[in-house]
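Please look at the chain below with its fold, its aromatic rings and its backbone in mind.

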Amino acid sequence: MAYEVTEGLFNGEKAIWLRAGKYEAALLPEIGANLIAFRDIEAGYKFLREPAEQEMDLFRESPAVYGIPVLFPPNRYRDGKFEVAGIKYELPVNEASTGNHLHGFFYDKPWTVVEKGTNGQESFVVVSYLVDENDSIYQYLPHRFEIRLRYCLSSEGLTQTSTVTNLGNKVMPNMLGFHTALNAPFSSESKREDVTAHVTTGVRWELDERMLPTGRTIPMTPLEQAMKSPEGGWPYAEALDNHYSAEPVNGRNLAEIVDHRLGLKLVYDAGTKYKQWMVWNNKASAGYICPEPQINMVDAPNVNLPDETKGLVVLRPGEAWSETSRFYVERA
């Protein structure tokens, strides 16, 4: 099998291209280290929602709804304010409709390419974002820390390893998630009606009018129950913008898209360290769904629940957190 890593362009933007046999992937280091494409080039399948060339201006304005954007901290925070370990944080309110901070700071920033290459088993790229006193993010997250992503492509598919390291002398909250946008279906010849989706959700968290958790749970709809079951449900039966705990099955915390016309299943095995999910389908209006794994609940520091329940993780000075997620295709 041929492996290669090249620097090139994706619709005019600088990209690192990974290739491994029939698979290729592209990462945009200057736009949030977004893994913008994962494809089976032999079959013509695109597993992630990609911006077309004429959509690149829309992508630059809203990079969080294509590919695999990095969210830190993920989702919404009431008035942008919270407190962790005695440190008060005030993030900019960037969602006028709710008065909240939304999606953090990293999904549109330039990242540093640390390493790239092949090793006979995979092609890979490692990117890093370092926050310190000289970075604009430090005024909101006053910690020295690094987020590092390693993407590798092999005959088994795509693997993402995410590592957050506290490089400072204070404890810091580790609040990471990904706004992963999966094509459903991933073949241009299939229709939306050909797909089902399954996510290993636990309970559904109630959200208030500002899209923030109340700390209570509410019953799932029939569609949510179907998607929770291994058989899956049709992900466009209703609008989804809902929050859940993760409930791994047989030790695996995942989302699956099945294209029944093709008899193929895309598995997104996110990893069990992500304790929460958001699931969003853009008002059931398009051909993609975002199963978003998060370490923590939305607005976790402000939710009156135990840290373990809401997934609030703090890193001590020098401590690192890491998790590996996998994307692969199998027969349904």
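Ser-155, leaving aside neighbours within four places in sequence, is in contact with Met-1 and Tyr-23. In this predicted model, Ser-155 sits in the loop between β13 and β14 (157-166), and with a relative accessibility of 40% Ser-155 counts as partly exposed.

Between Val-5 and Ala-20, which are 15 residues apart in sequence, the C-alpha to C-alpha distance is 9.1 Å.

The overall fold comes next. The protein chain contains three helices and 27 strands, and its C-alpha trace spans about 55 × 45 × 40 Å along the principal axes. For 332 residues, a compact globule would have a radius of gyration near 20 Å, and the 19 Å of the protein chain agrees with that expectation. Of the 332 residues, 59% are buried, while the accessible surface amounts to about 13400 Å², with 46% of that area belonging to carbon and sulfur atoms. Among the contacts with a separation of 6 or more, 63% are accounted for by residues 24 or more positions apart. As for charge, the protein chain has 33 positive and 45 negative side chains, and the centres of the two sets are 2 Å apart.

How many aromatic pairs does a search of the whole structure find? The search finds 23 aromatic pairs. One of them joins Phe-59 and Tyr-66 in an edge-to-face arrangement, with 5.6 Å from centre to centre and 90° between the planes. Phe-59 is buried, its relative accessible area being 0%, and Tyr-66 likewise counts as buried, at 4% relative accessibility. Phe-72 and Phe-145, by contrast, form a stacked pair, because their ring centres lie 5.4 Å apart and their planes are at 25°, which falls under the 30 degrees that count as stacked. This pair links distant parts of the chain, since Phe-72 lies in the loop between β6 (70-71) and β7 (76-78) whereas Phe-145 lies in strand β13 (residues 145-154), 73 residues apart. Phe-72 is buried, at 3% relative accessibility, and Phe-145 is buried as well, with a relative accessible area of 1%. Elsewhere in the list of rings, Tyr-23, Phe-38, Tyr-45, Phe-47, Phe-186, Tyr-268, Trp-277 and Phe-327 are linked by ring pairs into a cluster; Tyr-23, a member of this cluster, is also a contact of Ser-155.

Phe-72 returns among the contacts of Asn-174, a residue placed in strand β15 (residues 172-174). Asn-174 is buried, with a relative accessible area of 0%, and, residues up to four places away in sequence not being counted, Asn-174 touches Phe-72, Val-164, Ile-295, Val-313, Val-314, Leu-315 and Trp-321.

The backbone also deserves attention at Phe-72, where a cis peptide bond with an omega of about -5° joins this residue to Pro-73, and Pro-73 is found in the loop between β6 and β7. A further cis peptide bond joins Ala-184 and Pro-185, with omega at about 15°, and Pro-185 is found in the loop between β17 (182-183) and β18 (195-199).

Asp-299 is another residue other than glycine with a positive value, its phi being near 55°, and its place is the loop between β25 and α3 (307-310).

Note on methods:
Residues numbered from 1 in each chain as written. Predicted model: local features only at pLDDT ≥ 70, side-chain atom pairs only at ≥ 80, totals over all residues. Heavy atoms only, no water. Helix = DSSP H or I, 4+ residues; strand = E, 2+ residues; numbered from the N terminus. Rg over C-alpha atoms; globule rule 2.2 N^0.38 Å. Buried < 20%, exposed > 50% of the residue type's maximum accessible area, 1.4 Å probe, protein only. Contact = heavy atoms within 4.5 Å. Areas by Shrake-Rupley, 256 points an atom, 1.4 Å probe, with all protein chains shown as cover. Lys, Arg positive; Asp, Glu negative; His and termini not counted. Charge placed at Lys NZ, Arg CZ, Asp CG, Glu CD. Phe/Tyr/Trp six-rings, centres within 6.5 Å; stacked < 30°, edge-to-face > 60°.
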